[in-house]
Amino acid sequence: MNRVARYSGYLALSAALVGLDQIVKHLAIARLLGSPPVEVLPFLEWHLVYNTGAAFGFLHDAGGVQHYLFTGIAAVVSAAILVWLWRLPARSRLLSWALILVLAGGVGNLIDRIRYRHVVDFINLHYQDWYFPAFNVADMAITFGVICFLLDALSRRNEGSG
């Protein structure tokens with residue numbers, strides 16, 4: 001497969017993930033706005049939260065400057081990922097997956113920051129009185145992308161040591 005076809009496929013998959021993220025966030029806003037948390041399982045609830053900070057609410061109370069900071073970082077990182085993805089050899093499949101997942105998640109949350117000035121989170125995991133910070137589909141894509149990235153790095157390290 002040539003580079004353009006491979007790159008187009010990766011971008012199409014990333015765009016589909018961004019679309020899914022935005023649709024689910026729209027549904028979360030429409031169904032959860034103004035309502036109490038909805039228990040799905042004993043450890044999982046839908047609860048609408050607006051995150052003006054970064055991951056886990058980091059810098060959420062920075063007085064608004066964080067909006068520009070995180071929007072700019074997301075845009076620059078997304079552009080860098082596109083260049084990195086374009087330059088990757090075809091055999092780097094796991095790293096390619098890592099990049100498209102991180103790209104999709106980053107763009108999904110970037111759209112929220114531009115559109116709403118915050119990120120829409122609605123998935124809440126908890127155990128008794130302990131709550132994990134709320135997250136969304138974009139955050140899951142980023143998390144799985146980072147896992148793929150780490151697995152790729154470990155496999156390259158093991159190849160080099162053998």
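This is a predicted model: local features need pLDDT of at least 70, side-chain atom pairs count only at pLDDT 80 or more; totals for chains, interfaces and linings use all residues.
User: How are helices and strands assigned, and how many does the protein have?
Analyst: Helices are DSSP runs of H or I with at least four residues, strands are runs of E with at least two, and both are numbered from the N terminus. The protein has four helices and four strands. Along the sequence they follow α-β-β-α-α-β-β-α.

User: Why is the pair Asp-21 and Lys-25 called a salt bridge?
Analyst: The term requires a side-chain nitrogen of Lys or Arg within 4 Å of a carboxyl oxygen of Asp or Glu. The closest N and O atoms of Asp-21 and Lys-25 are 2.9 Å apart, so the pair qualifies. Side chains of opposite charge can pair when their charged atoms come close.

User: Where do Asp-21 and Lys-25 lie relative to each other?
Analyst: Both are in helix α1 (residues 3-32). They are four residues apart, which means a separation of about one helical turn.

User: How do you know whether Asp-21 and Lys-25 are buried or exposed?
Analyst: Buried means under 20% relative accessible area, exposed means over 50%, and partly exposed lies in between (1.4 Å probe, protein chains only). Asp-21 has 1%, so Asp-21 is buried. Lys-25 has 2%, so Lys-25 is buried.

User: What makes Asp-112 and Lys-25 a link between distant parts of the chain?
Analyst: Their side chains meet in a salt bridge at 2.7 Å, N to O. Asp-112 sits in helix α3 (residues 93-116) and Lys-25 in helix α1, 87 residues apart. Both residues are buried. Asp-21, Lys-25 and Asp-112 are linked in a network of salt bridges.

User: How many salt bridges does a search of the whole structure find?
Analyst: The search finds three.

User: What makes a space a cavity here, and how many does the structure hold?
Analyst: On a 1 Å grid over the protein atoms alone, a cavity is a set of points where a 1.4 Å probe fits but cannot get out. Grid points are joined across faces, edges and corners, and a volume is the space filled by probe spheres set on the points. The structure holds one cavity of 30 Å³ or more. About 30 Å³ of space lies in the largest cavity.

User: Which residues line the largest cavity, and how do they divide by type?
Analyst: Lining residues have an atom within 4 Å of a point. They are Leu-17, Asp-21, Ala-104, Gly-105, Val-137, Ala-138 and Ala-141. Five are nonpolar, one is polar and one is charged. Ala, Val, Leu, Ile, Met, Phe, Trp, Tyr, Cys and Pro count as nonpolar, Asp, Glu, Lys and Arg as charged, and the others, Gly among them, as polar. Helices α1, α3 and α4 each supply at least two lining residues, and the largest share, three residues, comes from α4.

Conventions
Residues are numbered from 1 along each chain as its sequence is written. Side-chain values use heavy atoms; hydrogens and water are left out. On a 1 Å grid over the protein atoms alone, a cavity is a set of points where a 1.4 Å probe fits but cannot get out, and a pocket is an open set with protein on both sides within 12 Å along at least five of seven lines; lining residues have an atom within 4 Å of a point.
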